[in-house]
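Hi everyone, thanks for coming.

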Amino acid sequence: MQVLHDLQGERHMTIDINKRMLEQHSEHLKQEAAEKAIVRARKEVEINGCGTSGYTIKEGEHRGITVGHIKRDPAKI
């Protein structure tokens, strides 16, 4: 009787381990899917477009202004 009880305990422990591993794997897949969704939703910015060294604002009140542009005095070049 004791042997049967021990085998049932081992089976129960194995089931718990498998369940925990499946839950961890499932959580890992969910996290990867969320990261991929963020990467797909991200919009790239155009830097060095049209010969500038900064980012040109495309919408809004300041449309057409170049931000972060590196300006050098031609006399010093």
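I'll start with the whole chain and then go to a few residues.

Before that, some housekeeping. This is a predicted model, where local features need pLDDT of at least 70, side-chain atom pairs count only at pLDDT 80 or more, and totals for chains, interfaces and linings use all residues. Residues are numbered from 1 along each chain as its sequence is written, and side-chain values use heavy atoms, with hydrogens and water left out.

Okay, confidence. pLDDT is the predictor's own confidence in each residue, on a scale from 0 to 100. The chain has a mean pLDDT of 76, with 66% of its residues at 70 or more. Strand β1, residues 55-56, has the lowest confidence, with a mean of 74, while α1 has the highest, at 82.

What does the secondary structure come to?

Now, how much of the chain is buried? Of its 77 residues, 4% count as buried. Buried means under 20% relative accessible area, exposed means over 50%, and partly exposed is in between, using a 1.4 Å probe and protein chains only. The accessible surface comes to about 7,600 Å², and 57% of that belongs to carbon and sulfur atoms. Those areas come from the Shrake-Rupley method with a 1.4 Å probe, and for residues only the protein chains shown count as cover.

Let's go to the strands. Val67 sits in strand β2, residues 66-67, and Tyr55 sits in strand β1. They're 12 residues apart in sequence, yet their C-alpha atoms are 5.3 Å apart. Leaving out residues up to four places away in sequence, Val67 touches Gly54, Tyr55 and Ile57, where contact means heavy atoms within 4.5 Å.

Last stop, the helix: Met21 is in α1, residues 2-41. Met13, Ile17 and Met21 make a nonpolar surface patch with about 290 Å² of accessible area together. Patch residues have over 30% relative accessible area and no salt bridge, with like charges joined within 9 Å and nonpolar side chains (Val, Leu, Ile, Met, Phe, Trp, Tyr) within 5 Å. A salt bridge is a side-chain nitrogen of Lys or Arg within 4 Å of a carboxyl oxygen of Asp or Glu.

Key:
Helix = DSSP H or I, 4+ residues; strand = E, 2+ residues; numbered from the N terminus.
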